[in-house]
Amino acid sequence: GISDEGVLRLSELLPNYNQIVTLDLSSNQITDDGALSLAAALETNVSLQELNLRSNAIGDVGIMGLCAALKVNKSVISLFLSGNEISDIGIDEIGKLLKNNPRITALGLANNNLTEVGIDKLAEYLKNGNYTVVDLKLSLGGKKVHNEDIDAALARNKELARKYEDTHKIEIARLKEAHQRELGQMRAYYENKIRELQTEISMYASRAQ
């Protein structure tokens, strides 16, 4: 598996490879040091959309570094951190990130070192500051978390996403219609010019005879 040293080497290359959309580093031996190396690279990468760090050994220090980087990064929309060593402190940092990040839509946090306190903190951030997360994997003691505030926030965000998609579709349809209308007007204009030129040519040909 990939160690912190391997992540360091990868992180040195990542800023120069802006075609990478998905980075899967799950089920490795990455600790806080590796996460911090990766965080530095994320600040300048503009293409990565999905970061998968499931089943590693990343704790709160690494999470703080990643969250700081993701406040700068504008491309990551899916972040998977299940199966690490994140405590309520790390969850608080993730909550602050979500409150200030209008991009992340999918988040995995199952099987970490959370308590009810961390769950409640996350619920508060989702309820009162995040409007984009629609997919959340979260567990406590190996069991899926059922939190009314979290469920309500996710339902609200899904409805907002649906409305945005509908609005976007309507706007695209409107733009297409306007474009087709403009094309029709341009075609009519040039066809009329062609007819005028054909008439002029015919008149010139008649005079020449």
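## Elements and confidence

Helices and strands are DSSP runs, numbered from the N terminus. On this basis, L53 lies in the loop between strand β2 (50-52) and helix α3. The structure described here is a predicted model.

The mean pLDDT of the protein is 90, and 93% of the residues score at least 70. Among the elements, strand β3 has the highest mean pLDDT, at 98, while helix α6 (residues 148-208) has the lowest, at 80.

## The sheet

Strands of a sheet pair through backbone hydrogen bonds, either parallel or antiparallel. In this protein, five strands form an open sheet in the order β1-β2-β3-β4-β5, and their pairing is parallel. Strands β1 (22-24) and β5 (135-137) are the edge strands, each pairing on one side only. With direction ignored, neighbouring strands of this sheet are turned by 0° against each other on average.

One of the pairs consists of β3 (residues 78-80) and β4 (residues 106-108), which run parallel and are joined by three bridges. Within β4, G108 is the bridge partner of F80.

## The nonpolar core

The largest nonpolar core contains 42 residues. Those with the most contacts inside this core are L38, L53, L81, I94, L109, L136 and L138. Two or more residues of the core come from each of the helices α2 (32-42), α3 (60-72), α4 (88-100), α5 (116-129) and α6.

Two of the residues with the most contacts, L53 and L81, may be examined in detail. L53 has a relative accessibility of 0%; because buried means under 20%, L53 counts as buried. Leaving out residues up to four places away in sequence, L53 touches L25, S26, I30, L38, I58, L66, F80, L81, S82 and N84. One of these residues, F80, is 27 residues from L53 in sequence, yet the two C-alpha atoms are 5.7 Å apart in space.

The contacts of L81, with neighbours within four places in sequence left aside, are L53, I63, L66, I86, I94, G108, L109 and N112. L53 and L81 are therefore in contact with each other, since their heavy atoms lie within 4.5 Å.

Helix α4 has 13 residues, which at 1.5 Å a residue should span 18 Å. The C-alpha atoms at its ends are 19 Å apart, which agrees with that expectation. The buried residues in α4 include D88, G90, I91, D92, E93, I94, G95, L97 and L98. The buried residues of this helix pack against α3, β4 and α5.

Helix α5 has 14 residues. From its first C-alpha to its last, α5 reaches 20 Å, close to the 20 Å expected at 1.5 Å a residue. Its buried residues are G118, I119, L122, A123, Y125, L126 and G129.

## Two loop residues with positive phi

S27 is located in the loop between β1 and α2. Its phi is near 55°, a positive value in a residue other than glycine. The relative accessible area of S27 is 52%; because exposed means over 50%, S27 counts as exposed.

N111 is placed in the loop between β4 and α5. Although N111 is not a glycine, its phi is positive, at about 55°.

Definitions and conventions: Residues are numbered from 1 along each chain as its sequence is written. This is a predicted model: local features need pLDDT of at least 70, side-chain atom pairs count only at pLDDT 80 or more; totals for chains, interfaces and linings use all residues. Side-chain values use heavy atoms; hydrogens and water are left out. Two strands pair if DSSP finds at least two bridges between them. Helices (H or I, at least four residues) and strands (E, at least two) are DSSP runs, numbered from the N terminus. Axes are lines fitted to C-alpha atoms, for helices over the stretch in contact, and angles run from 0 to 180 degrees between N-to-C directions. pLDDT is the predictor's confidence in each residue, from 0 to 100. A nonpolar core is a set of buried Ala, Val, Leu, Ile, Met, Phe, Trp, Tyr and Cys residues joined through side-chain atoms within 4.5 Å. Buried means under 20% relative accessible area, exposed over 50%, partly exposed in between (1.4 Å probe, protein chains only). The expected span of a helix is 1.5 Å times one less than its number of residues.
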